[in-house]
Amino acid sequence: MKRNKMCLSLMALLMTFMMLAAGCGGKGSAGSGSSAQAAGKVTIKMLDVGQGDAVLIRTAEQTVLIDTSDVDEKQKLRDALKKENVKVVDKLIITHPHADHMGGATLVMNECEVKAVYDNGQTATTKLYRDYLKTIKSKGIAYKALRDGDRLDFGGGVSFEVLSPTEDMVKEGGHDEKGKVNLNLNSIVGRLVFGDFSMMFTGDAEAPSEQGIMKRHAPKELKSTLLKSGHHGSKTSSSDKFLKAVQPEAALISCGKGNEYHHPHPSTRKKYAKHKIDFYRTDVNGMITVESDGHSYTLNVERGTKNDETGN
Ligand SMILES: [Zn+2]
């Protein structure tokens, strides 16, 4: 009897341990189980998922994913999320409804427990967008369009301050000066803040969006330790004035090997050199991992070195 009891409690202990080790918070449980970070830390991983964006953020309490790379890169995203043991996504943020950011959103909603979806509220006419909306609705996932001035709580003392778009920008529909629709312009731009550490997230926001942000916000609201390079390092983004306002120590660029857009553009790399900003790129460096305790930070790459001029 005694031995059986001990056996049972040992088994219970073992099962608890296995459940914790599996990293799944389970439906309805608070936080994200062991897939969240130890207290006092934020980990930001720019996933190596080809030509698109997908950034995984983990705090002591939550798992957040900003963008989901392209439709054609789905398998890479699936593999990356599996490797990172992501089963619960507390917040899924889609910066704008272009395929290279929204491509894997439905996959993430179908394969992980997504608790809330945020986007810029800008609609698109694509089947990809309709499927995305349909999935949010059918799964009953909480949804909110983000606006300049909103603040999201990522848990563990980490917040996300939204700087763009404004309601007027979304109503206007993101037209460029020639009157052509350019959905990049209304990308969600926001600053992750954790103590003294901060990182500016830009989606594919271009120079006019950057100008608008600088008009609406004081420099102290923009200065960031790190920058997610706007629009994969394209010459349309990372304007001189914006770089001067943000003053990042390093820029992280997500782009695919030998991509047809020639991202990151040589002129962007030149600008980074001029402003003494180191850059890292997923096509050369693989996954880029940043870890901060709210004071200092570390940045690690899978391969290569910073400021690599090879590739495009
Ligand atoms: Zn893009």
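**Loops, zinc site, aromatic pairs and cavity**

Pro165 is found in the loop that runs between strand 10 (158-164) and helix 6 (167-172); helices (H or I, at least four residues) and strands (E, at least two) are DSSP runs numbered from the N terminus. The structure is a predicted model, in which local features need pLDDT of at least 70 and side-chain atom pairs count only at pLDDT 80 or more, whereas totals for chains, interfaces and linings use all residues. Residues are numbered from 1 along each chain as its sequence is written, and side-chain values use heavy atoms, with hydrogens and water left out.

The peptide bond that joins Ser164 to Pro165 is cis, with omega about 5°. A cis peptide bond is also found from His263 to Pro264, where omega is near -5°. Pro264 lies in the loop between strand 14 (250-253) and helix 9 (266-274). Most residues other than glycine have a negative phi, and most peptide bonds are trans. Positive phi values in residues other than glycine occur at Asp67, near 70°, and at Gln247, near 50°. Asp67 is placed in the loop between strand 3 (63-66) and helix 2 (74-83). With a relative accessible area of 1%, Asp67 is buried, a class that means under 20% relative accessible area, with exposed meaning over 50% and partly exposed in between (1.4 Å probe, protein chains only). Gln247, in the loop between helix 8 and strand 14, counts as partly exposed at 46% relative accessibility. Pro248 is found in the loop between helix 8 and strand 14 and counts as buried at 4% relative accessibility. The C-alpha atoms of Pro248 and Leu226 are 4.7 Å apart in space, although the two residues are 22 apart in sequence.

Two further loop residues are buried. Val49, in the loop between strand 1 (42-46) and strand 2 (55-58), has a relative accessible area of 0% and is buried. The C-alpha atom of Val49 is separated by 8.7 Å from that of Thr68, 19 residues away along the chain. Gly230 has its place in the loop between strand 13 (226-228) and helix 8 (240-246), and its relative accessible area of 3% makes it buried.

The zinc ion has as protein donors Asp100 (OD), His101 (NE2), Asp204 (OD) and His232 (NE2), which lie 2.0 to 2.1 Å from it. Donors are N, O and S atoms within 2.8 Å of the metal (3.2 Å for Na, K and Ca); water is not among the atoms, so sites may look incomplete. The spacing of the donor residues in sequence is D-H-x102-D-x27-H. Asp100 lies in helix 3 (residues 99-102) and Asp204 in the loop between strand 12 (197-201) and helix 7 (207-216), so the pair ties together parts that are 104 residues apart in sequence. Asp100 counts as buried at 14% relative accessibility, as does Asp204 at 1%. The angles among the four donor atoms are 88 to 144°, and the site is irregular. Four donors count as tetrahedral if all angles lie between 85 and 135 degrees; four count as square planar and six as octahedral if opposite donors are over 155 degrees apart and all others between 65 and 115; anything else is irregular.

The count of aromatic pairs comes to five. Tyr272 and Phe279 form a tilted pair, with 6.4 Å from centre to centre and 45° between the planes. Rings of Phe, Tyr and Trp (its six-membered ring) pair if their centres lie within 6.5 Å; planes under 30 degrees apart count as stacked, over 60 as edge-to-face and the rest as tilted. Both Tyr272 and Phe279 are buried. One aromatic cluster is formed by Phe154, Phe160 and Phe201.

The count of cavities of 30 Å³ or more comes to one. A cavity is a set of points, on a 1 Å grid over the protein atoms alone, where a 1.4 Å probe fits but cannot get out, and its lining residues have an atom within 4 Å of a point. Grid points are joined across faces, edges and corners, and a volume is the space filled by probe spheres set on the points. The largest cavity has a volume of about 50 Å³. Its lining includes Asp67, Phe160 and Phe201. By class, five nonpolar, three polar and three charged residues make up the lining, where Ala, Val, Leu, Ile, Met, Phe, Trp, Tyr, Cys and Pro count as nonpolar, Asp, Glu, Lys and Arg as charged, and the others, Gly among them, as polar.

Terms used
1 Å grid on protein atoms, 1.4 Å probe; cavity = no way out; pocket = protein on both sides within 12 Å on 5 of 7 lines; lining within 4 Å.
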